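Q: I'm new to this one. Can you walk me through it?

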Amino acid sequence: MRNFAQLFTDLDRTTKTLGKIKALTEYFQKVSDHDKLWSIALLSHRRPRRTINTTLLGTWASELSGLPAWLFTESYHVVGDLAETITLLLPETAEQSDESLTYWIDFIRSLEPLTIEEKKGKVLWAWNRLDQTERFVFNKLITGGFRMGVSQQLMVKALAKHTGTRENIVAHRLMGNWSPETDTFQQLMLEEDQKDISKPYPFYLAYALEGEVYTLGDPQEWFAEHKWDGIRGQIIVRDRQLFVWSRGEELVTDKYPEFATLLDILPDGTVLDGEILPFKDDQPLSFNHLQTRIGRKTLSAKVLKEVPVSFVTYDILEWEGIDIRNWTMEARRRKVEEICSAEHPVLRLSALVNFETWEELAQERSRARDLFSEGIMLKRKESIYRNGRRRGDWWKWKIDPFTVDAVMIYAMHGAGRRANLYTDYTFAAWDGEQLVPFTKAYSGLTDDEIREVDRWIKQNTIERFGPVRSVKPELVFEIAFEGIAQSTRHKSGIALRFPRIRRWRKDKPASEADRIENLRKLL
Amino acid sequence: MGLLEFTERGIYCPKADVYLDPWKPVDRAVISHGHSDHARWGHKNYLCSATAAPVIRHRLQLDTIETANYGEPVYIHGVQFSFHPAGHIPGSAQIRVEHKGEVWVFTGDYKLEPDGLSEPFELVRCQNFITESTFGLPVYHWKPQQEIFDEINAWWRKNQSEGRVSVIAGYTLGKSQRLLKNVDVSIGKIIVHGAVDAVNQVMRQQGIALPETHRVTKDSRKQDFDGALVICPPSAVGSPWIRRFLPYSLGIASGWMSLRGARRRRGADRGFPLSDHVDWKSLNIAVRETGAEKVFVTHGYSEVFSQWLSENGIESHVVKTEYEGELSEMVEGTATTPAGTGENIPVTTNDTPNDDTEQL
């Protein structure tokens, strides 16, 4: 654990990519394969299951520190992180643990079948055995909130260096269904023969286009298609089995039973990249429809009938069992068109937009909202399929969002990096003489603006309810959003999609904020 | 009528017609220390400790200022005032007010641990204790300063060996000199920002010994910064001034740095939790040791600390002031006037950048 705690400290202490890679590589050199595997798992969000209720941890920590529960809660609001709050409030110890990371993870996993009293005994023992940083890491592990500020790409770089393997191979090996509980470091990283037939490829992600579209040069060098507003997915057919992966590296085959029929038309050794999209009567539906079936555990016949999905294909990564990501976009596109040539209700082709000039493409983009698309995707014909988010070959050129001017009426503390700052705001619009809250938003302000607003909130609080403050209805912000839907869960009757603060309207008094009717008109 | 009252202009003694650290212009002000949220511009008469006077005179550009030595009583309309070391920065004082056996102490800002620079905190017994609570939460627990300076020295050495300049940000009055006084000067050269240097000069003139420092001039060349430690105000972070030290490692010295969220938010390479305010433990010790029957809690986590005291059988009240404790949390460098705010927002009217309260 000491090595892992040290890694944690080192990563925390540098904001520079090279420093982080160096810390990781040094760490990999020091620890056992077991610890390596668990570290990789933790850094790629494969945490062990939570075996203890976090409220209990808080209770035991305040007991041990001799503080009343309310003071623990106040502290938690300021710190914004339960694991850190507990660490800071526990009495100091002089102990240091010699046990490994794997030992402590096994320890945490072993708590599952125990009674609350037994769990308590074990957790208190652990707290007493660990020094401050180790305790923090332990608390992070046990609360299941472990994040270390290391991107997948960074870890891939460090692992590639450590094992002497190429980065894209490492990235691919880390994908899919492996677990430190059943696999070994050797199997995962070093063995050529991968037995996991469901393993997906890392997704290639586009950046948003900055600046004007004509800076991309000759339109002839680019493919354009609509940016469909669904769920990015990969369909894999191998050994007569079909797997569906979402971009969040989640295996979602069961959620889309419609795709089972694709086994009949797709040969083994095929991997398609595309968008899972609600489609009915040959028309795409809005994302709101898809949302109604995302969260469900079981899909009723009614849902399947009302919101059927299609797979809108735009790329192919494997064909006849061969990884073809290094083919050009143009070549891959030909293959996709060939595969999707038959009229099929579930497997569709993401059509190319025909355009000669950027002006023509801009015109097409302006129709996007009517087609339930989010804008235009641009892909360089010569480009290969890369890993992760990269600049240069793929761009998303989204349509401008809707906007509304709203008044801030509540504010709440943020968490993590934004702990102890009021960063989560609730906004209202006018309904007659009344301000009706209709959305929350938190991103979009600069750090300087956040501090300025935070300061204002603290000076203009009307009432406090725990971490929330109601404030004088004075500040007006422009809120941007991608869509709007009717909602029975909100008092205002509407729900916004991707609301965020676009700018602070210092020039507008609250009385000039928008009226709720204007929003309802967009429904 | 009490001996001290809390008014819109500041803490007021009606008997003597005197204000303690007022935030609006008054005829007569008794000042605890030179930070701009306590020593404000625009009063007619100022009274402060003899060692705090040079900085206050310099910052507020005052011609005359009354002073008193620590412990020396000053009588105003029969009320006895005296200054007692607060351990916060050089010259900082708790203000003791006594009349007919009634004793009040106003702490201004303070800390109990000696910092090697400021006059060490003196415990003053009283019946009524007005205390700050900037870090009045149990999560704030300072390590002994030697541990922090060991970390700073190690960081400086490491940067040196890796060919980087060490830039450390701390506010200009107090923290910068505390850093200067306690780092291991044998490691290398120390460079200070102009705003820090101005305060250093005032302090040196009044006889406070500080290690040798260098200023950046237009003739300075890259190699002049080799292996150096640079001390600058938080407002210099991200400014063009700091770019000349590239490649550098950035450290920030502030009590706020004891929380990970604050450290990450600042994007500094290192956060050193070094504070000139009392932490939770010291705050409780101070309250207990004064023997006060009533405690008035000003800027900081005043509501929380006050409730804690009440639950522990000490009569306690929250006092709303305009000292910058909570307001200035996390605020970097410059004081900005939030839009659409009323007149009760403290805005520093002097031209000194308001970077000297604990406000990272």
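What follows is a short chat about selected strands, helices and residues of this predicted model.

Q: What cut-off makes a residue buried?
A: A relative accessible area under 20%.

Q: How does β11(B) pair with β18(B), and over how many bridges?
A: Strand β11 of chain B, residues 128-133, pairs with β18(B) in the parallel sense. There are five bridges.

Q: Which residues in β19(B) are the bridge partners of B:Lys294 and B:Val297?
A: B:Lys294 has B:Glu315 as its partner. For B:Val297, the partner in β19(B) is B:Val318.

Q: What unit do β18(B), α8(B) and β19(B) make?
A: A right-handed β-α-β unit.

Q: Which residues of α8(B) are buried?
A: B:Ser302, B:Val304, B:Phe305, B:Ser306, B:Trp308 and B:Leu309.

Q: What do those buried residues pack against?
A: In chain B, they pack against β11, α7 (280-290), β18 and β19. They also pack against α5 (69-79) of chain A.

Q: What comes just after α8(B)?
A: B:Gly313, which takes a positive phi of about 80°.

Q: New topic. What is the strand order in the six-strand sheet of chain B?
A: The order is β14-β13-β15-β12-β16-β17. It is an open sheet, and the pairing is parallel.

Q: Which strands stand at its edges?
A: β14 (214-215) and β17 (270-272) of chain B. Each has a single partner strand, so one side of each is left without a neighbour in the sheet.

Q: How many bridges join β16(B) to β17(B)?
A: Three bridges link strand β16 of chain B, residues 248-253, to β17(B). One pair of bridge partners is B:Gly251 and B:Arg270.

Q: Which strands does α4(B) lie across?
A: Helix α4 of chain B, residues 194-205, lies across β13 (190-192), β14 and β15 (229-232) of chain B. The helix runs at about 100° to β13(B).

Q: Buried or exposed?
A: B:Cys48 is buried, because its relative accessible area is 0%.

Q: What does B:Cys48 touch?
A: Leaving out residues up to four places away in sequence, B:Cys48 touches B:Ile31, B:Ala53, B:Ile56, B:Ile65, B:Glu66, B:Thr67, B:Ala68 and B:Phe83.

Q: Over to chain A. What is the order of the four-strand sheet?
A: In chain A the order is β1-β11-β10-β2. This sheet is open, and its pairing is mixed.

Q: Which are the edge strands?
A: They are β1 (204-208) and β2 (222-228) of chain A, and each pairs on one side only. Neighbouring strands of this sheet are turned by 40° against each other on average, direction ignored.

Q: In what sense do β2(A) and β10(A) pair?
A: Antiparallel, over six bridges. Strand β10 of chain A covers residues 373-380. A:Ala224 has A:Leu378 in β10(A) as its bridge partner.

Q: Which strands do α15(A) and α16(A) lie across?
A: Helix α15 of chain A, residues 329-339, lies across β2, β10 and β11 (388-398) of chain A, at about 55° to β2(A). Helix α16 of chain A, residues 358-366, lies across β2, β10 and β11 of chain A, at about 150° to β10(A).

Q: Last one. At what angle do α1(A) and α2(A) pack?
A: Helix α1 (residues 2-12) and helix α2 (residues 17-30) of chain A pack at about 170°, with their axes 9 Å apart. That makes α1(A) roughly antiparallel to α2(A).

Q: Which residues meet there?
A: From α1(A), they are A:Asn3, A:Phe4, A:Leu7, A:Asp10 and A:Leu11. From α2(A), they are A:Lys20, A:Ala23, A:Leu24, A:Tyr27 and A:Lys30. The residues of this contact divide into six nonpolar, one polar and three charged.

Notes:
Residues numbered from 1 in each chain as written. Chains lettered and ligands numbered in written order. Predicted model: local features only at pLDDT ≥ 70, side-chain atom pairs only at ≥ 80, totals over all residues. Heavy atoms only, no water. Pairing = 2+ DSSP bridges. Helix = DSSP H or I, 4+ residues; strand = E, 2+ residues; numbered from the N terminus. Right-handed = clockwise from strand over helix to strand, strands pointing away. Axes fitted to C-alpha atoms, helices over the stretch in contact; angles between N-to-C directions. Contact = heavy atoms within 4.5 Å. Parallel < 35°, antiparallel > 145°, perpendicular 65-115°, else oblique. Nonpolar A, V, L, I, M, F, W, Y, C, P; charged D, E, K, R; others polar. Buried < 20%, exposed > 50% of the residue type's maximum accessible area, 1.4 Å probe, protein only.
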